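Please keep the sequence and structure in view while reading.

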Amino acid sequence: MARDMSDKEILKMELDQLKKEVSTPRTPVAANCADTISFVEGLMPNDPLIKGVPDEKNPYKGDKGGCVVT
Amino acid sequence: MCDQTFVAATFGPCENCSTPSPLINIYIKSEPINYCSLCVEMMACQGLQKGESLVSLKRESESLKKKLEEERKKLCDVELNQVAEKIEVLGALSIKTRRVLKGHGNKVLCMDWCKDKRRLVSSSQDGKLIVWDAFTLNKEHGVSLPCTWIMTCAYAPSGCAVACGGLDNKCSVIPLSMDRNENLAAKKKSVAMHTNYVSGCTFTNSDMQLLTSSGDGTCALWDVESGQLLQSFHGHTADVLSLDLAPSETGNTFVSGGCDMKANVWDMRSGQNIQSFESHESDINCVKYYPSGDAFASASDDATCRFYDLRADREVAVYQKDSIVFGASTVDFSLSGRLLFAGYNDYTINVWDVLKGTRASILFGHENRVSRVRVSPDGTALCSASWDNTLRWATDFVTENK
């Protein structure tokens with residue numbers, strides 16, 4: 001557990017982790033961002049929180065005749 | 001056998017083993033080392049690498065960190081919002097609170113949706129766990145637990161059980177039964193045992209395994225049936241406040257964030273820390289994977305939310321505004337990943353446009369800190385839990401009196 005370790009052991013742990021991380025494979029941001037964007041655009045037309053849910057399909061509609069004070 | 005006696009000038013915690021004892025003050029390469037007699041002997045016997053001390057380790061750590069930053073910078077040719085410039089701006093969102101769920105007697109600390117998109121479980125400071133039906137607002141089950149501050153709760157994928165944990169240092173699984181007369185608290189089964197509070201828990205793809213994060217700085221994977229520890233994850237240097245499982249079916253990674261300002265991505269099978277991100281300036285309160293599984297977002301006490309891309313291994317967007325000064329405690333994405341809902345300690349929920357980095361909307365209504373926001377599994381509703389003892393859920397309706 002971290003709080004039982006001395007500062008030195010914590011630093012050693014961080015050091016080992018950093019040594020591993022310096023060599024992880026990475027891809028350029030532009031390519032990944034383009035991927036993310038196309039992912040989002042593909043799903044956006046079906047996102048109920050953006051497009052909205054029509055009354056008929058809405059399971060949360062509840063009883064009619066209420067008054068929503070916003 | 002008697003220990004050798006020596007004149008000790010100082011008494012205190014040894015720099016190596018942290019036990020308080022008389023310290024021998026010696027100098028190695030003109031750096032003061034204060035070890036107890038046992039550690040000095042061990043050091044002499046092991047032939048410790050010359051000059052290895054706190055200072056030299058720190059120096060090496062700093063230089064590696066710089067190198068890592070350089071490697072990451074090489075691939076940072078553009079920002080996410082620059083690539084997203086050509087996308088249409090989002091239209092006005094009409095997400096409004098439709099229902100308020102009242103029933104908890106104290107701060108609601110956590111909530112989770114069931115996979116049936118209809119039920120949700122919430123836990124509060126007074127030790128109560130309530131399972132609600134979101135359509136009818138019925139409370140289906142109420143469980144009173146002996147410990148207060150149930151900081152986390154999760155619904156099992158099958159919908160037949162819930163897990164909860166908190167200040168009791170345990171995470172327990174409670175099977176839900178349809179029999180109203182049954183005392184659910186009696187059927188509670190302790191699965192996880194930590195040495196400090198349990199801050200987050202989630203079932204993996206089945207009801208059989210539970211992943212927990214704790215204030216003792218570790219995360220752990222448990223077998224529900226036997227309570228056995230399957231894998232533990234060490235690497236955080238302070239309390240771990242949140243975790244989230246990768247969304248894919250075959251996914252075996254998860255991300256965790258903690259008070260050491262780091263967000264770590266772990267491999268569940270090997271227990272290895274695969275990637276680590278340290279760009280927040282304060283505790284990370286919540287982490288959440290992107291629907292695609294290639295990125296994640298984090299919310300922190302430094303009043304920002306950040307978006308990290310896992311393949312590029314760096315932060316690609318920061319969601320902040322000068323007018324937002326309160327820490328963010330929770331984040332979740334909408335179904336498509338275009339919207340990021342973040343709950344703040346100033347009682348509001350800000351809705352960010354993930355791609356453009358701008359704020360799309362603010363949701364008001366809570367009268368105290370927002371502790372958790374979660375989008376329902378099919379994306380139709382957003383539920384938020386707050387310290388004002390209520391939960392609210394909100395949807396975006398197309399045809400309604402606005």
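Five nonpolar, four polar and one charged residues make up the lining of the largest cavity. This is a predicted model. The space inside that cavity comes to about 80 Å³. Across the whole structure, the search finds three cavities of 30 Å³ or more.

The lining is drawn from chain B. It includes B:Thr97, B:Ile349 and B:Arg392. B:Leu363, B:Phe364, B:Gly365 and B:His366 also line this cavity, as do B:Leu382, B:Ser384 and B:Ala394. Two strands of chain B, β30 (381–386) and β31 (390–396), each supply at least two of the lining residues.

Next, the open space. The second largest pocket has a volume of about 540 Å³. It is lined by 26 residues, and the closest to its centre are A:Glu21, B:Leu68, B:Ser276, B:Phe277 and B:Glu278. Which element gives the largest share of this lining? It is α1(A), with seven residues. At least two residues each come from α1 (7–21) of chain A and from α2 (54–74), β19 (263–267), β20 (273–277) and β24 (314–319) of chain B.

The table sets out the two spaces by volume and by lining class.

| Space | Volume | Nonpolar | Polar | Charged |
|---|---|---|---|---|
| Largest cavity | about 80 Å³ | five residues | four residues | one residue |

Chain A, which contributes α1 to the pocket lining, has three helices and zero strands. Its elements run α-α-α from the N terminus on. Of its 70 residues, 41% count as buried. The accessible surface of chain A is about 4,100 Å², and carbon and sulfur atoms account for 56% of that area.

Chain B also holds an open sheet. Four strands are arranged in the order β13-β14-β15-β16, with antiparallel pairing. Why do β13 (198–203) and β16 (229–234) of chain B each have one side without a neighbour in the sheet? Both stand at the edges with a single partner strand, so one side of each is left without a neighbour there. From one strand to the next, the twist averages 15°.

Inside this sheet, β14 (residues 209–214) and β15 (residues 218–223) of chain B run antiparallel and are joined by five bridges. In one of the pairings between these strands, B:Leu210 has B:Trp222 of β15(B) as its bridge partner. Strands of a sheet pair through backbone hydrogen bonds, in either a parallel or an antiparallel manner.

How values were computed:
Residues numbered from 1 in each chain as written. Chains lettered and ligands numbered in written order. Predicted model: local features only at pLDDT ≥ 70, side-chain atom pairs only at ≥ 80, totals over all residues. Heavy atoms only, no water. 1 Å grid on protein atoms, 1.4 Å probe; cavity = no way out; pocket = protein on both sides within 12 Å on 5 of 7 lines; lining within 4 Å. Points joined across faces, edges and corners; volume = space filled by probe spheres on them. Nonpolar A, V, L, I, M, F, W, Y, C, P; charged D, E, K, R; others polar. Pairing = 2+ DSSP bridges. Axes fitted to C-alpha atoms, helices over the stretch in contact; angles between N-to-C directions. Buried < 20%, exposed > 50% of the residue type's maximum accessible area, 1.4 Å probe, protein only. Areas by Shrake-Rupley, 256 points an atom, 1.4 Å probe, with all protein chains shown as cover.
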